[in-house]
Amino acid sequence: MLALAVKANYVHWHEINPDTHELTHVFMSHPEAVKLFRTYPHVVLIDSTYKTNTYNMALVEVVGVTPAGSSFLIACVLIPSESEEGHTWLLRKLMDILECTGASPSVFVTDRELGLVRALRTLFSETPHLLCRWHVNRVIESRALMIHKTFFYKDHVLNNPETGWWNVIDATCEDDFNKAWSAFSQKWKILASYISRTWGEHAKKFVLCYMDEYFHLGNTATSRVESAHSLLKAWLKSAHLTLDTMWSRIHSMLEGQHSKIRKELQDSMSRPRITQRLFYLLQGKVSTKALEIMKDELKRGVALVHLSDIHSFWRTLEYDNEEAMPKNDNDMLEELVDKARQSYPVYRKVFSEKLRDILHPEDEGILAPAVRENPKGHPRGSTTRNKSGFEHLMRKYGIPSTDVSTNIQHMFGDLAAGVAGAPLEKNYTKGLLSTWVKRYGVPEELWPHFDGWVDVGSDGHCGFRVLSHALRGGEEDYIQMRDWCLKEITGSDVYKSLFEAGVTTKKYEFCDGQIRRKSSKIRRK
């Protein structure tokens, strides 16, 4: 793997266990990605994933953003675990890439991985760090569900227009935030106490009015990295790859990604896509993505600005020109080589060995990484991630979720299936319970007593299908339910006293101990 990276001119670093000579850390960055990162270091998103290699190592993807709105993979990093030590090593390598440029990220966006949070606090204390709003909300939703144990926690706790959680995190100014938090904490004291203890010190990292103080380019969640995970695993296709096979597939993926980015930037310079004359002088000088944003702002009444007022990020459409590259890399190398030649023989030997280790890592006698047992999120099998704690909780309470990887929405959980752990049926409704009870006028005081609902087939046997669901855990036994009802009615004198001989209903009649289909005319004797 390391030899392949050297041959392809990757920027790479690695660490080995000095006792066993096993590989422990690997950092790889495609040469095009290095140019992109040095040109567009503004927003950096970091997240890790598992199920990518046979050694069960965590794969950390570091993702950046181009002026065309595309994501690019800055680096792939293999570390033993998501510890502070591993993330510190990773961040130091990112600093080394940017060291000669004088540039630094405008903002980091991550989830609340404590090892990464501590490493960022140590090495990038001056750089704003934002937490993924999606992950924060999922954790708080889980806590709200555990506290209130009802599907309607969303309607009551999250979406309430006066005391809801969304009012807090979506506040557009500090005054609105303080008012929303005051109303929320007075109404939901237990949940507010948990949020204060766990998330209070991080509020400025995920509340909208504070996040918008930074140049985050609309990245308030780690969705770009999650998409990168999905794309990467589509290329890997296996959770048991060796390092050389994994590198080859990642390299092929990156080659296609960089071709797409080049085309997008070239299109921004040469192919105008917005026809308004107001943008005529800007076309070819800013990215197409920037023009689209300005077009939307113009509709909202925001005035046009001069080219010089547009951030340089949107105006930089070339990333491999000499001006964007550091000029002192070669000078530094030549100076070091000259000093090494003039130094003592022992220093020349050390310098040569270090340089050889970098350019020819295959000569070090490095062994493959040790296989780690039961790392986070990594059961053996496909590359599909595990269910999150939030998804397990949603299933426990029978609540539909559009965020699960299978994208299946269901209600009623194991209760509707008849036994715990039974497979879900394909005809579970995709609607929301709150919508259903409101539509059919169910009194609000009864809402907390509903666990879910099932939309059975509408073929004239819906009542029997409901009985089948309730008694058998599925509607396929509705014929048997109908037969049971028929036997019950025809075999009991109670029903004969209720329905006298010859009584005709809309569809059936009871006559001579038999129920049979009859006319639609209703009459009673």
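Which residue in E5 does Val-65 stand opposite? In this predicted model, Val-65 stands opposite Ser-71 in E5.

The chain has 525 residues, of which 42% count as buried. Its secondary structure comes to 22 helices and 10 strands. Among the contacts in the chain with a separation of 6 or more, 58% are between residues 24 or more positions apart.

Seven of the strands form an open sheet with mixed pairing, in the order E1-E2-E5-E4-E3-E6-E7. Strand E1 (11-16) and strand E7 (129-131) are the edge strands, each of which pairs on one side only. From one strand to the next, the twist averages 20 degrees. Strands of a sheet pair through backbone hydrogen bonds, in either a parallel or an antiparallel sense.

E4 is joined to E5 by eight bridges, and the two strands run antiparallel. Five residues lie between these strands in their hairpin, where Gly-69 takes a positive phi near 90 degrees. E4 also pairs with E3, in the antiparallel sense over five bridges, and here Ile-46 stands opposite Val-62 in E4. E5, for its part, runs antiparallel to strand E2 (residues 23-29), with three bridges between them; the bridge partner of Val-26 in E5 is Leu-78.

Leaving aside neighbours within four places in sequence, Ile-74 is in contact with residues including Ala-33, Phe-37, Val-44, Val-62 and Leu-94.

Ile-74 also belongs to the largest nonpolar core, which has 40 residues. Together with Phe-37, Ile-46, Val-77, Leu-91 and Leu-94, Ile-74 touches the most other members of that core. Helix H3 (residues 84-98) supplies the largest share of this core, six residues. A second, separate core has 32 residues, among them Ala-5, Leu-73, Val-109 and Leu-241.

Helices also pack against one another. Helix H5 (residues 133-148) and helix H9 (residues 189-199) pack at an angle of about 145 degrees, with their axes 10 Å apart, and H5 passes H9 in a right-handed crossing. In H5, the residues that meet H9 are Val-136, Val-139, Ile-140, Arg-143, Ala-144 and Ile-147; their counterparts in H9 are Ile-190, Leu-191, Tyr-194, Ile-195 and Trp-199. By class, this contact has 10 nonpolar residues, no polar residues and one charged residue.

Finally, a loop residue may be considered. Ser-287 is found in the loop between helix H12 (243-270) and helix H13 (288-299). Is Ser-287 buried or exposed? Ser-287 counts as buried because its relative accessible area is 0%, and the cut-off for burial is under 20%. Apart from neighbours within four places in sequence, Ser-287 is in contact with Pro-67, Ala-68, Ser-268, Trp-314 and Leu-317.

How values were computed. Residues numbered from 1 in each chain as written. Predicted model: local features only at pLDDT ≥ 70, side-chain atom pairs only at ≥ 80, totals over all residues. Heavy atoms only, no water. Pairing = 2+ DSSP bridges. Helix = DSSP H or I, 4+ residues; strand = E, 2+ residues; numbered from the N terminus. Axes fitted to C-alpha atoms, helices over the stretch in contact; angles between N-to-C directions. Core = buried A, V, L, I, M, F, W, Y, C linked by side-chain atoms within 4.5 Å. Buried < 20%, exposed > 50% of the residue type's maximum accessible area, 1.4 Å probe, protein only. Contact = heavy atoms within 4.5 Å. Left-handed = near helix turned anticlockwise from the far one by under 90°. Nonpolar A, V, L, I, M, F, W, Y, C, P; charged D, E, K, R; others polar.
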